[in-house]
Amino acid sequence: MSKSIQIIKEDSKYLMQSFKRWYPLVIDHAKGSIIYDVDGKEYIDMNSGIGVMALGHGNEKIINAIKEQMSNFFHYSLTDFYYELAVDVAKKLTSFLPFSSKVFYTNSGTESVEAAMKIARWYTKRQYIIGFINSFHGRTLGSLGLTSSKTVQRRGFSPLLPSTLLLPYPDSRNPLLKDDPVNRLMEYIEDWIFEKVVDPNEVAAIFFEPIQGEGGVIIPPEDFVKELRRVTYKHGILLVVDEVQTGIGRTGKMFGFENFDIMPDIICLAKALGGGLPLGAVVGRSEIMTLPLGSHANTFGGNPLALAASKVVLEEVPKLLDRVNYLGKEIIDELNNSKSPYVYDVRGKGLMIGVELRKNGKAFVDGLERVLMCSFNRGVLPIGAGESVVRLLPPLVIEEELANKGTRVIREEIDKLR
Ligand SMILES: Cc1ncc(COP(=O)(O)O)c(C=O)c1O
């Protein structure tokens, strides 16, 4: 029995199996954009541990920063004490925004979303929170009220947060929005939701992924994002962008919202922010970040080791943006070379890319599973999204040759689908 199979058997015995692995990869170690499994096989990392390892694995600058911080101190709760690193990273993060802003540190994406919900309710003194169908905002009981990319995420866990509403995302594949998704959706929001369901003066915030990641790499029309911003300003509703996946350079801009020429009120971050260590953040306009003393905190948020790594990430990622855009275009071009009749769409921004597979007008779910499994067998690690989207989120530093090789394998496996 291979070591991988042995570990997978024990995993199913000792760990709750509430999450699905796409293929039986048991990682031993990693360097750059190469993963090595416990049986000595090599793989090209085309997902960065789900969008986290932006600077690749074993990045020397990150390792040195963590080592240095380790010899100073590992932890001393920011909720009760002070340290300079927390200020340094917040200064750097807020420097990317053209408005005065403040930071609250968390440990994960879902925790950033939870904090943003509380901040929005407190600041506006309003109760309702609106999200979009097919979004993913996390799995704790507050954020789950907004998460809706698969019913299994919500099934059996109700009641969820009261006063949350979900609207359709501006996706022209939604039969109700066919042909003119932006205008139909805006009419629906203004003339139906705000006239018949909830007074907009009771809405604290609209939460929005600039590109739906888990939902299938769905990019909204630019007009829609601008309209949403207009309507939120009109009614004093906060616009919260969930940049947990799109943020920190992933889409070829520092933040995903920059692709749409709008400014949000609050930004939720995690994943790539900590360079592989658990770190999330809420960054919001200074006048909004006003939760009162004692009302919100956590023990580990802003962990010094994670912040040391984050400082490197925030210094290095801005230098990579041109290459992220260039490589992303190359990958999309190669995927567009596919002759497969099952490729419904290839889309993406920067290095957040999806290939949607459809068969007979429906999601080609088996096709996705086959492409992922066969790519894995050939040493390449894409992941899935939505019902049948092959998702690519390689490290932002991936070598061009590796990115091309990995993409070619994925494209060939798509072409083999029958
Ligand atoms: C957009 C978005 N928001 C929130 C989350 C939740 O993050 P976490 O798994 O760190 O709680 C994710 C995770 O994939 C995400 O993609």
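**Backbone features and domain contact in the predicted model**

In this predicted model, Ile248 is found in the loop that runs between strand 8 (238-242) and strand 9 (266-269). The phi angle of Ile248 is near 60 degrees, a positive value in a residue other than glycine. With a relative accessible area of 2%, Ile248 falls under the 20% limit and is therefore classed as buried.

A positive phi is also found at Asp179, where the angle is near 75 degrees, again in a residue other than glycine. Asp179 is placed in the loop between strand 6 and helix 6 (181-197). The relative accessibility of Asp179 is 74%, and because this value is over 50%, Asp179 counts as exposed.

Pro159 belongs to the loop between strand 5 (128-132) and strand 6 (164-167).

At the level of the whole chain, the protein is divided into domain 1, made up of the segments 3-58 and 320-415, and domain 2, which covers 75-302. The C-alpha centres of domain 1 and domain 2 lie 26 Å apart, and the contact takes 28 residues from domain 1 and 25 residues from domain 2. Between them, domain 1 and domain 2 bury about 2100 Å², of which 59% is on carbon and sulfur atoms.

Arg391 forms a salt bridge with Glu214, in which the closest N and O atoms are 3.0 Å apart. Residue pairs in polar contact between domain 1 and domain 2, counted where both residues have a pLDDT of 80 or more, number eleven.

On the side of domain 1 that touches domain 2, at least two residues each are supplied by helix 2 (48-51), helix 8 (304-336), strand 11 (343-349), strand 12 (352-359) and strand 16 (389-392). Strand 12 gives the most to this side of domain 1, with five residues. By residue type, the side of domain 1 that touches domain 2 divides into 16 nonpolar, seven polar and five charged residues.

Terms used
Residues numbered from 1 in each chain as written. Predicted model: local features only at pLDDT ≥ 70, side-chain atom pairs only at ≥ 80, totals over all residues. Heavy atoms only, no water. Domains from an automatic or database assignment. Contact = heavy atoms within 4.5 Å. Buried area = accessible area lost by both parts, 1.4 Å probe. Salt bridge = Lys/Arg side-chain N within 4 Å of Asp/Glu carboxyl O. Polar contact = N/O pair within 3.5 Å; in protein donor to acceptor, adjacent residues only side chain to side chain. Helix = DSSP H or I, 4+ residues; strand = E, 2+ residues; numbered from the N terminus. Nonpolar A, V, L, I, M, F, W, Y, C, P; charged D, E, K, R; others polar. Buried < 20%, exposed > 50% of the residue type's maximum accessible area, 1.4 Å probe, protein only.
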